[in-house]
Amino acid sequence: MRAIWTGAIGFGLVNIPVKLYSATTDSRPDLDMLDRKDHARIRYKRVNERTGKEVDWDSIVRGYLLKDNYIVLDEADFEEASPEKSKMINLQSFVKAADIESVYFETPYYLQPQKGGEKAYMLLLKALEKTKMAGLSTFVLRNTENLAIIRPYEKVLLLNKLRFAEEIRSPDDLNVPADLKIAKQEMDMAVQLIKRHAGEFNVNDYKDEYSKELMKIIRAKAKGKRPTVRKIKVKTTPSADLLEQLRASLA
């Protein structure tokens, strides 16, 4: 694995030098976009909108449009905005991870101690395990401030990026009925159905079956075969049939 960030965790006055690694990988088939006519790959170019000419990466800078003029920013400007957060993940408070709603969770990363930081790293890991708490912090990754928690996972420290509150849309605009009368018998059967299929969560019980089926189709087409197309029409259960459908589910 290749580190995507190098810095330190601030735990009180203790600094723990660490490296950050992506904890996920994409298991989906890597599909290219092609021209339907000759199957040539579609390429994207970085083009100057005034001249129409392609621009090399080395000639590209980032800027902010302010009063009809672009203010160009370089790497020093990004670091100057918050030099501490660019190199430090200061644990500002400690919370129970279970208290954070799932809507806030984003990307997971592994943290690995750098040379000299092994003991302090293990101290933080064991302390979080013992207290069943997670450290909350903000830090800068790829010129963007991120909210994050650090918690134990599989004998290592795991950093989870969190969304800020202002990034979450309110559900108030959704058209969801507030008060619909549910019969006691319907509720009892729904609860019974849930309890019948209740169990411990094991992520290994779930696989990306769609990608596997898609690869079967790709391999079949490579051999000149045309796979059978399965079409499914989703039926909605009318309110009048709800009790009957619940009974059938429990049969």
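Q: If contact means heavy atoms within 4.5 Å, which residues is leucine 157 in contact with, once its neighbours within four places in sequence are left aside?

A: This is a predicted model, and the contacts are read from its atoms. With the neighbours within four places in sequence set aside, leucine 157 is in contact with Ile9, Tyr109, Tyr110, Leu111, Tyr121, Leu124, Leu125, Leu128, Ile150 and Arg151.

Q: Which residues of the largest nonpolar core touch the most other members, and which elements give two or more residues to this core?

A: A nonpolar core is a set of buried residues of the nonpolar kinds joined through side-chain atoms within 4.5 Å. Here the largest such core has 20 residues, and those that touch the most other members are Ile9, Leu20, Leu111, Phe139, Ile150, Leu157 and Leu159. Two or more residues come from each of β1 (5–11), β2 (14–22), β7 (105–113), α3 (118–131), β8 (134–141), β9 (144–153) and β10 (156–162), and α3 provides the largest share, five residues. There is also a second, separate core of six residues, with Ile100, Phe105, Ile149 and Leu162 among them.

Q: Where does isoleucine 89 lie, and is it buried or exposed?

A: Isoleucine 89 belongs to strand β5 (residues 88–90). Because buried means under 20% relative accessible area, isoleucine 89, at 0% relative accessibility, counts as buried. Not counting residues up to four places away in sequence, isoleucine 89 touches Trp5, Ala8, Ile9, Gly10, Ser137, Phe139, Ile150 and Leu159.

Q: How is the packing of helix α4 (residues 184–196) and helix α6 (residues 242–250) to be read, and at roughly what angle do their axes cross?

A: One looks at the angle between the axes, then at the handedness, then at the residues that make the contact. The two axes come within 10 Å and cross at roughly 30°; since angles under 35 degrees count as roughly parallel, α4 is roughly parallel to α6. The crossing in which α4 passes α6 is left-handed. On the side of α4 the contact is made by Gln185, Glu186, Met189, Ala190, Gln192, Leu193 and Arg196, and on the side of α6 by Leu242, Leu243, Leu246, Arg247, Ser249 and Leu250. Sorted by class, the contact has seven nonpolar, three polar and three charged residues.

Q: What is the phi of lysine 132, and what is that of glutamate 154?

A: Most residues other than glycine have a negative phi. Lysine 132, although not a glycine, has a positive phi of about 55°, and glutamate 154, likewise not a glycine, has a positive phi of about 50°. Lysine 132 is found in the loop between α3 and β8, whereas glutamate 154 is found in the loop between β9 and β10. Since exposed means over 50% relative accessible area, lysine 132, at 67%, is exposed, and glutamate 154, at 64%, is exposed as well.

Q: Where is methionine 133 placed, and which residues does methionine 133 touch, not counting those up to four places away in sequence?

A: Methionine 133 lies in the loop between α3 and β8 and, at 22% relative accessibility, counts as partly exposed. With residues up to four places away in sequence not counted, methionine 133 touches Phe94, Val95, Lys96, Leu128 and Pro152. Methionine 133 and valine 95 are 38 residues apart in sequence, yet 5.5 Å apart in space, C-alpha to C-alpha.

Technical notes. Residues numbered from 1 in each chain as written. Predicted model: local features only at pLDDT ≥ 70, side-chain atom pairs only at ≥ 80, totals over all residues. Heavy atoms only, no water. Buried < 20%, exposed > 50% of the residue type's maximum accessible area, 1.4 Å probe, protein only. Helix = DSSP H or I, 4+ residues; strand = E, 2+ residues; numbered from the N terminus. Contact = heavy atoms within 4.5 Å. Axes fitted to C-alpha atoms, helices over the stretch in contact; angles between N-to-C directions. Parallel < 35°, antiparallel > 145°, perpendicular 65-115°, else oblique. Left-handed = near helix turned anticlockwise from the far one by under 90°. Nonpolar A, V, L, I, M, F, W, Y, C, P; charged D, E, K, R; others polar.
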